[in-house]
Amino acid sequence: MQQFVRHFIIPLARKRGWKSFCEIGASTGLSTDELLKLPITSYTIIDPCFDADLSLKYAGDARVTVQKSNSLDALPNLAGTYDCILIDGDHNWYTVINELRLIQQRGLLRPGGMIFFHDVEWPYGRRDLYYQPDTIPTEYRQEYEHKGIVRGRSQLADHGGAARHLCNAVREGGSRNGVLTAVEDFVAEHASEYNFCRVRLQFGLGILQYRRKRLSEDLSFFLLRIKAGMYSLYGPLHRLKKLTLKEFPRDLEYPLRWTAAGRKISSSASRKSGTPRLQTSP
Ligand SMILES: C[S@@+](CC[C@H](N)C(=O)[O-])C[C@H]1O[C@@H](n2cnc3c(N)ncnc32)[C@H](O)[C@@H]1O
């Protein structure tokens, strides 16, 4: 997630002057620490705090409020409007779609603001994971087991596989299964209200914008969509050409600068624009 925070969320936050954040699922606060370097005024964390005592960690930062709770319990009582919301909590269809419905019903996202989702690709884009299976109504809970996940195989593995210590849905795909399915179902419920795109690299980043239906904003999102598409290609390119990921241009919202990255731009121009040049590693 930190890579996406550095390459997508922080550049967007700087450009748009985002001041208020809400993070659902913060673990030990690695993304939080990165985002708190921004000049923001409020940062709300919602997490049952299984991994760390986040109230203690952020006790000295007056901008931070920690709700030690599950998202579906905390969101109905949240006040305020956020410029940016990060969703990286319980990775299952029921939790994610209801987080989105609550955010929408309670007006927690400012028009024009964005929600970022981690894990919209394999393994949890199309497969539920349950941190606390008992909190999910049985009619929405997939059959699950503590077994590993193998890419390209719907069934869980008897031996090995990824994330075998977690409660993973026994099948991949189908309705009401996975984080990406939840986001897509929510967007379908609100056709024309949101822009959505995703980065298909690593575990995936979903980007959802609450539209103000302004041409300039939609155009800007279109450019973000291109950036997400280019970034998705970067994994395969990295393997093929040994391009270094840290050199990926961060500023694709300005297409002219980015076009220059496809060709060679001079290092002085690169330094001036702050846009690193695509290079092959030595
Ligand atoms: C993958 S970790 C988050 C990693 C973090 N975003 C980062 O960038 O380092 C998932 C977190 O979600 C939290 N979590 C699990 N179920 C949750 C729920 N129902 N509501 C909110 N947070 C939840 C867990 O306690 C854990 O801290």
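**Entry 1. Terms and starting point**

I take helices (H or I, at least four residues) and strands (E, at least two) as DSSP runs, numbered from the N terminus. On that basis I place F203 in the loop between strand 9 and strand 10. I note at the outset that the model is predicted.

Seven strands form an open sheet in the order 3-2-1-4-5-10-9, and I record the pairing as mixed. Strand 3 (64-67) and strand 9 are the edge strands, each of which pairs on one side only. On average, neighbouring strands of this sheet are turned by 15° against each other, direction ignored.

Strand 1 (residues 20-24) and strand 2 (residues 42-46) are joined by five bridges and run parallel. Within this pair, C22 has T44 of strand 2 as its bridge partner.

**Entry 2. Strand 10 and its partners**

Which strands does strand 10 pair with? On one hand I find strand 5 (residues 109-118), joined to strand 10 by five bridges in the antiparallel sense. In this pairing H118 stands opposite L205. On the other hand I find strand 9 (residues 194-199), also antiparallel to strand 10, with six bridges. Here Y194 has Y210 as its bridge partner in strand 10.

I next asked why strand 10 counts as largely enclosed. Strand 10 covers residues 205-210, and six of its six residues are buried, so the rest of the structure largely encloses it. In a regular strand, side chains alternate between the two faces of the sheet. I therefore looked at each face in turn, a residue being buried if 20 or more other C-beta atoms lie within 10 Å of its own. L205, I207 and Q209 are buried on one side of strand 10, and G206, L208 and Y210 are buried on the other.

**Entry 3. The hairpin loop of strands 9 and 10**

I followed the chain back into the hairpin of strand 9 and strand 10, which has five residues between the strands. Q202 lies in this loop. Its phi is positive, about 50°, although Q202 is not a glycine. Q202 has 15 other C-beta atoms within 10 Å and is therefore partly exposed.

F203 sits in this loop too. I counted 19 other C-beta atoms within 10 Å of F203, which is therefore partly exposed.

What does F203 contact beyond its neighbours within four places in sequence? I find H118, D119 and E121. I also recorded a separation along the chain: F203 and M1 are 202 residues apart in sequence, yet their C-alpha atoms are 8.4 Å apart in space.

**Entry 4. Helix 5 against helix 6**

Two packed helices are described by the angle and the distance between their axes. I looked up both values for helix 5 (residues 93-105) and helix 6 (residues 179-189), whose axes come within 8 Å and cross at roughly 35°. The crossing is right-handed. From helix 5, W93, V96, I97, L100 and R101 take part in the contact, and they meet V179, T181, A182, V183, D185 and F186 of helix 6. I divide the residues of this contact into eight nonpolar, one polar and two charged.

I then asked which residues of helix 6 are buried. They are V179, L180, T181, A182, V183 and F186. The buried residues of helix 6 pack against helix 5, strand 5, strand 9 and strand 10.

**Entry 5. Backbone details in two further loops**

In the loop between strand 8 (167-169) and helix 6 I find R176. R176 takes a positive phi near 50° and is a residue other than glycine. With 17 C-beta neighbours inside 10 Å, R176 counts as partly exposed.

Which bond did I note at P123? The peptide bond from W122 to P123 is cis, and its omega is near 10°. I place P123 in the loop between strand 5 and strand 6 (129-130).

How values were computed:
Residues numbered from 1 in each chain as written. Predicted model: local features only at pLDDT ≥ 70, side-chain atom pairs only at ≥ 80, totals over all residues. Buried ≥ 20, exposed ≤ 12 C-beta atoms within 10 Å, placed from the backbone. Pairing = 2+ DSSP bridges. Contact = placed C-beta atoms within 7 Å. Axes fitted to C-alpha atoms, helices over the stretch in contact; angles between N-to-C directions. Left-handed = near helix turned anticlockwise from the far one by under 90°. Nonpolar A, V, L, I, M, F, W, Y, C, P; charged D, E, K, R; others polar.
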